[in-house]
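Please look over the sequence and the model shown here before reading on.

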Amino acid sequence: MKSELVLPAPAKLNLFLHITGRRPDGYHALQTLFQFLDYGDELGFSLQDSLALECNLPELVNDDNLVLKAARLLQKETGTKQGARIRLNKRLPMGGGVGGGSSDAATTLLGLNELWNLQLSEMQLAELGLKLGADVPVFVRGFAAFAEGVGEVLTPACPPECWYLVLVPDCHVNTVKMYAHRELTRDTPAIKVCAALETYEEQRRHNLLHNDFEPLVRRLYPEVETCIQLLDNAGNSSIGQAMMSGSGACVFAPFASREQAEAAQATISSDTGSEVVSFVARGVNTSPLHRTLQNLQAVHQLEACTT
Ligand SMILES: C[C@](O)(CO)[C@H](O)COP(=O)(O)OP(=O)(O)OC[C@H]1O[C@@H](n2ccc(N)nc2=O)[C@H](O)[C@@H]1O
Ligand SMILES: Nc1ncnc2c1ncn2[C@@H]1O[C@H](COP(=O)(O)OP(=O)(O)OP(=O)(O)O)[C@@H](O)[C@H]1O
């Protein structure tokens with residue numbers, strides 16, 4: 001049995017998201033704060049001659065899957081003839097605003113870089129990642145960050161690593177459609193990075209953070225509006241406002257402890273007859289992907305020393 005490299009593909013939250021303009025190429029200029037969650041998909045990589053994807057959701061096995069796109073891009077850029085069997089265990093909601101597809105792509109870039117011994121740097125992989133999607137670079141770099149540009153200009157950040165209750169509204173929000181929507185706010189004034197990071201906690205305490213997609217998505221998708229209200233009503237121990245992540249649909253509220261987040265989750269479950277899908281996860285400033293890769297490297301070094 002060939003050995004498999006098993007790696008996490010964590011979710012992200014946008015702790016705030018400002019759209020500050022529209023570029024000539026149609027993409028939008030953003031200012032956003034990314035933090036990872038210790039919850040996400042899982043991928044397994046093993047060597048074989050050709051490239052093949054397996055997934056617990058068979059409908060995701062197609063040429064548009066970002067995992068296959070990332071693997072092909074890496075083959076093309078490096079000229080490697082190696083293949084891989086890639087196993088994707090999908091747990092993150094799709095069209096959820098928590099970056100599932102982008103995270104899968106980043107984990108594929110880093111995983112195959114290891115498996116195929118390509119020795120590309122993280123910067124090179126982040127540049128490749130940007131060709132796959134604006135959210136991919138932050139997952140490749142693996143540190144919580146204030147992001148500008150289209151989301152790829154990253155300044156490391158350390159927002160508090162609190163616990164989040166994330167609700168998954170029963171709807172898919174299409175990112176492309178939301179960016180193209182006539183009524184989207186695109187003129188939020190740009191802020192200075194240091195000011196944004198220094199005032200983040202205070203702004204959160206005073207419910208001053210915002211996501212420019214949120215008013216539009218709440219209006220268009222009643223499921224999202226309902227979930228925000230559920231969080232607002234159940235989250236009196238929350239340490240900040242209920243907000244939406246990315247272009248939706250997921251909404252979240254921060255808590256000081258896992259117990260408090262789980263208590264709010266239980267209240268919502270009993271109020272709604274367990275109809276609303278949700279999960280509790282910790283916000284982390286180093287990606288679980290990078291922690292796993294560092295641990296693997298430490299094990300390899302130890303093995304090299306003892307043989
Ligand atoms: C909403 C966020 O998740 C916030 O982090 C991201 O901005 C979306 O990132 P993503 O899903 O990786 O987006 P991509 O796959 O690169 O782009 C999908 C489409 O969204 C629009 N798009 C995306 C990012 C951006 N800064 N401006 C845009 O206008 C473009 O129409 C693009 O064709
Ligand atoms: N590996 C993948 N996992 C999930 N979706 C994928 C994947 N590859 C391609 N897709 C396509 O991308 C679309 C958006 O998926 P994704 O889960 O990344 O959305 P999202 O969470 O809204 O992302 P973002 O926060 O970046 O907007 C899906 O509807 C699906 O068609």
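Some questions and answers on this structure follow.

This is a predicted model, in which local features need pLDDT of at least 70, side-chain atom pairs count only at pLDDT 80 or more, and totals for chains, interfaces and linings use all residues. Residues are numbered from 1 along each chain as its sequence is written, while chains are lettered from A and ligands numbered from 1 in the order in which they are written.

Q: Which helix gives the most residues to the shell around ligand 2?
A: The shell holds 19 residues, each with its C-beta atom, placed from the backbone, within 6 Å of the ligand. Helices are DSSP runs of H or I with at least four residues, numbered from the N terminus. Helix 1 (66-78) and helix 2 (100-115) each supply at least two shell residues. With four residues, the one that gives the most is helix 2.

Q: Is S103 buried or exposed?
A: S103 lies in helix 2. A residue is buried if 20 or more other C-beta atoms, placed from the backbone, lie within 10 Å of its own, exposed if 12 or fewer, and partly exposed in between. Because S103 has 29 C-beta neighbours inside 10 Å, it counts as buried.

Q: How far apart are the centres of domain 1 and domain 2?
A: The chain is divided into domain 1 (5-156) and domain 2 (163-284), with bounds from an automatic or database domain assignment. Taken over C-alpha atoms, the separation of their centres is 23 Å.
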